[in-house]
Amino acid sequence: MDFGRLITAMVTPFHENGSINYSEAQRLANYLLDNGSDGLCVAGTTGESATMNQEERRQLFLAVQEVTRERGASLIAGCGSNNTADTIRLCRMAQEVGADAALLVTPYYNKPPQDGLYAHYAAVAEAVELPLVLYNVPGRTGVNMKPDTVARLAQLPNIVALKEATGDMDQMSLLSAKTPADFLIYSGEDSALLPMLSLGACGVISVSSHIVGPSMKEMIVAWEEGKTEQALELHLSCFDAFQKMFLTTNPLPVKYAMQRLGFQMGPCRLPLTWVTDEQAASIDALLQHLGLL
């Protein structure tokens, strides 16, 4: 299984009335694939999935898939929820439209124990044939999926990868030690990409790659080629972007940045609002420094 090394967690463009702008999503998808991305993760947290219904997701998957198929890139469909039955329905829909994999966040708010997490993912894996990517982001969900649980799940044939967003290098070390060699671990924290590569990660599912994709891709290639000093230089050159893209709730900074780069982002859906004037000025300064404005 190979989804690529740099996967962008894509923002969702909206019209001014809040409906999804599918044609602009296709334009953005092409831009990202032109700028370092090997694949796209659609309708994840960055894509404001919590505010989408199933039909909107289906139409978005189909629209972006037209681009990824033509470009030979991977499409990972955001299908996670805190309801196992709904997650299965979303995964079946993603499988029907031909997604390459589904990204499944740990159930949020209900805070299941480790055996509940295992049972949730095992039920989804049994219900579909689609490759599944686990997503551990306790800062968003309130629950941390432990390495032993991931190791158990990695034994199931269609659970093939993990997006690990704790930023905890001890946990990453345990994940590498306990999971099979062919189980893919992606950094879910942009600033943790380089240290996680050193501990066995294969790449990143990234937000900052919207604006520093070429440098991030070059960093990964440099690391794979043993050019560690170059990889560090590239990490440091991207570090301000890694910070600025999370100076307030994701995806507000990256949606503002892409709007400044000429994409029709529209508003975020409530309860998300927009960046403040001070935050906008900080992002503008970053984009100017990067030579994008």
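Gln114 is in contact (heavy atoms within 4.5 Å) with Asn144, Met145, Lys146 and Thr149, once its neighbours within four places in sequence are left aside. Gln114 belongs to helix 4, where helices (H or I, at least four residues) and strands (E, at least two) are DSSP runs numbered from the N terminus. Gln114 is partly exposed, with a relative accessible area of 25%; on this scale buried means under 20% relative accessible area, exposed over 50% and partly exposed in between, for a 1.4 Å probe and protein chains only. Gln114 and Lys178 are separated by 64 residues in sequence and by 16 Å in space, C-alpha to C-alpha.

The model is predicted, so local features need pLDDT of at least 70 and side-chain atom pairs count only at pLDDT 80 or more, whereas totals for chains, interfaces and linings use all residues. Residues are numbered from 1 along each chain as its sequence is written, and side-chain values use heavy atoms, with hydrogens and water left out.

Turning to the sheet, eight strands form a closed barrel in the order 1-2-3-4-5-6-7-8, with parallel pairing; two strands count as paired if DSSP finds at least two bridges between them. The twist averages 25° from one strand to the next. Axes here are lines fitted to C-alpha atoms, for helices over the stretch in contact, and angles run from 0 to 180 degrees between N-to-C directions. Strand 4 is joined to strand 5 (residues 132–136) by four bridges, and the two run parallel. Within this pair, Ala102 has Leu132 of strand 5 as its bridge partner. Helix 2 (residues 54–71) packs on the sheet and touches strand 2 (39–42) and strand 3 (74–78), its direction making about 170° with that of strand 3. Helix 4 also packs on the sheet, where it touches strand 4, strand 5 and strand 6 (159–164); the direction of helix 4 makes about 160° with that of strand 5.

Right-handed means that, with the strands pointing away from the viewer, the path from the first strand over the helix to the second runs clockwise. In a regular strand the side chains alternate between the two faces of the sheet. From strand 7 (residues 184–187), Leu184 and Tyr186 point one way and Ile185 and Ser187 the other way, and all are buried. Two bridges pair strand 7 with strand 8 (residues 203–206) in the parallel sense, and Ser187 stands opposite Val204 in strand 8. The β-α-β crossover from strand 7 through helix 8 (residues 193–198) to strand 8 is right-handed.

What of the interior? A nonpolar core is taken as a set of buried Ala, Val, Leu, Ile, Met, Phe, Trp, Tyr and Cys residues joined through side-chain atoms within 4.5 Å. The largest such core has 83 residues, of which Phe61, Val64, Cys79, Leu132, Leu134 and Ile211 touch the most other members. Leaving aside neighbours within four places in sequence, Val64 is in contact with Met10, Ala25, Ala29, Leu40, Val42 and Leu75. Another core of 18 residues lies apart from the largest one and includes Ala101, Val105, Ala165 and Ile205.

Helix 4 has a helical partner as well: its axis and that of helix 3 (residues 84–97) come within 10 Å and cross at roughly 35°. The crossing of helix 3 past helix 4 is right-handed, that is, the near helix is turned clockwise from the far one by less than a right angle, and a left-handed crossing has it turned anticlockwise. Here Thr84, Thr87, Ile88, Cys91 and Arg92 of helix 3 meet His120, Ala123, Val124 and Ala127 of helix 4.

Finally, the backbone deserves a look. Most residues other than glycine have a negative phi, and most peptide bonds are trans. Tyr109, although not a glycine, has a positive phi of about 70°, and Lys111 has a positive phi near 50°. Tyr109 lies in the loop between strand 4 (101–105) and helix 4 (114–127), and Lys111 is in the loop between strand 4 and helix 4. Tyr109 is exposed, with a relative accessible area of 74%, and Lys111 is exposed at 53%. The peptide bond from Asn250 to Pro251 is cis, with omega near 15°; Pro251 lies in the loop between helix 10 (228–244) and helix 11 (252–260). The bond from Leu270 to Pro271 is cis, with omega near 15°, and Pro271 is placed in the loop between helix 11 and helix 12 (277–289).
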